[in-house]
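Please keep the sequence and the coordinates at hand while reading.

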Amino acid sequence: MVETDTLSGLFQRLLRSASQAQGVRVSEQTECYLVQLLSAFARPPAGDLLAPPLGVDYLQALSLPAPQRTARLRRVADTALFLTGLFLEHVESTLVGGRYYATLGRTAYARLSADERHGGLAAAFGELSRRFGDFVRVLGEIGDAQLFRTDRDTVRLYRRWLLTRGARDAQRLIRRGVIPTAGRDDLRH
């Protein structure tokens, strides 16, 4: 049963709809985690999401005791997924770009999944790591369909396609008259 009268219920409905639209199957555990992630970012803490920078936070996390390491790695992974999924246009305008954040998020989730102390969450972290690009597409679908409808949607869609190579994004680009092609990885579009 889907709750629709709460923020979590809304995000669950949006996540299911976006997953179906993108053709991405999501385990129940990972769906629950993503709903919690979206709910947490709906009430972000004061300050900049990128302070400290995610790369610095990731490196510092590796030398911390287990509980603090877990919290830091989750912050890095969750923030990277949230930003590349919903704010890829902004991330692409930074010095390091979307691939950097995607790699950082994927790596942080992989580290979390390898830690046996996470028990039930280890499987969700593993799924998020292995299929990071799929979940970027799902969050992007939520943003495109529900949150950010502007004239720049086609550019946002193309940038996401460059990062994830999603078939549905390619079809949406074609319907808009854009043929999705990618050149060499060392060229920027």
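Y158 and W161 both belong to helix α9, where they sit 3 residues apart, about one turn of the helix. An α-helix has 3.6 residues a turn, so residues three or four places apart point the same way. The model discussed here is a predicted one. Both Y158 and W161 are buried.

Helix α9 covers residues 153-164, and at 1.5 Å a residue its 12 residues should span 16 Å; the end C-alpha atoms are 16 Å apart, in agreement with that figure. The buried set consists of D153, R156, L157, Y158, R160, W161, L162, L163 and T164. Directly after α9 comes R165, which has a positive phi, near 55°. R165 also lies over the face of W161, at 4.8 Å from the ring centre.

P180 is another residue to look at around W161. P180 is found in the segment after α10, a helix that runs over 167-175. In sequence P180 and W161 are 19 residues apart, while their C-alpha atoms are 7.8 Å apart in space. Leaving out residues up to four places away in sequence, P180 touches Y158, W161, A170, L173 and I174. With a relative accessible area of 16%, P180 is buried, since the cut-off for that class is under 20%.

The overall layout can now be set around this helix. Of its 189 residues, 45% count as buried. Among contacts with a separation of 6 or more, 62% are between residues 24 or more positions apart.

Next comes the packing of nonpolar side chains. In soluble globular proteins, nonpolar side chains tend to be buried together. The largest nonpolar core in this model has 39 residues, of which L37, L38, L81 and Y109 touch the most other members. The elements that give two or more residues to this core are α1 (7-22), α2 (28-42), α3 (54-61), α4 (66-86), α5 (88-92), α6 (97-114), α7 (120-130) and α8. Which of them gives the most? That is α4, with 8 residues. As for L81, its contacts beyond four places in sequence are L34, L37, Y109, L128, F132, F135, V136 and L139.

The structure holds 8 aromatic pairs. In the pair of F41 and F82, the ring centres are 4.1 Å apart and the planes are at 5°, so the pair is stacked. F41 lies in helix α2 and F82 in helix α4, so this pair ties together parts that are 41 residues apart in sequence. F41 counts as buried at 14% relative accessibility, and F82 is buried with a relative accessible area of 9%. The pair of Y158 and W161 is also stacked, because the ring centres are 6.0 Å apart and the planes are at 20°. Y33, Y109, F125 and F132 form one aromatic cluster. Y109 was named above as one of the residues that touch the most other members of the largest core.

E141 is found in helix α8, which covers residues 132-147. Is E141 buried or exposed? E141 is buried, with a relative accessible area of 7%. Which side chains make polar contacts with the side chain of E141? One of them is Q22, at 2.9 Å. Another is R168, whose side chain is joined to that of E141 by a polar contact of 2.7 Å.

A167 lies in helix α10. With a relative accessible area of 58%, A167 is exposed. A167 and G23 are 144 residues apart in sequence, and their C-alpha atoms are 9.2 Å apart in space.

Conventions:
Residues are numbered from 1 along each chain as its sequence is written. This is a predicted model: local features need pLDDT of at least 70, side-chain atom pairs count only at pLDDT 80 or more; totals for chains, interfaces and linings use all residues. Side-chain values use heavy atoms; hydrogens and water are left out. Helices (H or I, at least four residues) and strands (E, at least two) are DSSP runs, numbered from the N terminus. Buried means under 20% relative accessible area, exposed over 50%, partly exposed in between (1.4 Å probe, protein chains only). A polar contact is a pair of N or O atoms within 3.5 Å; within protein, one must be able to donate a hydrogen and the other to accept it, and residues adjacent in sequence count only if both atoms are side-chain atoms. A nonpolar core is a set of buried Ala, Val, Leu, Ile, Met, Phe, Trp, Tyr and Cys residues joined through side-chain atoms within 4.5 Å. Contact means heavy atoms within 4.5 Å. The expected span of a helix is 1.5 Å times one less than its number of residues. Rings of Phe, Tyr and Trp (its six-membered ring) pair if their centres lie within 6.5 Å; planes under 30 degrees apart count as stacked, over 60 as edge-to-face and the rest as tilted. A charge sits over a ring if NZ of Lys or CZ of Arg is within 6 Å of the ring centre and within 35 degrees of the ring normal.
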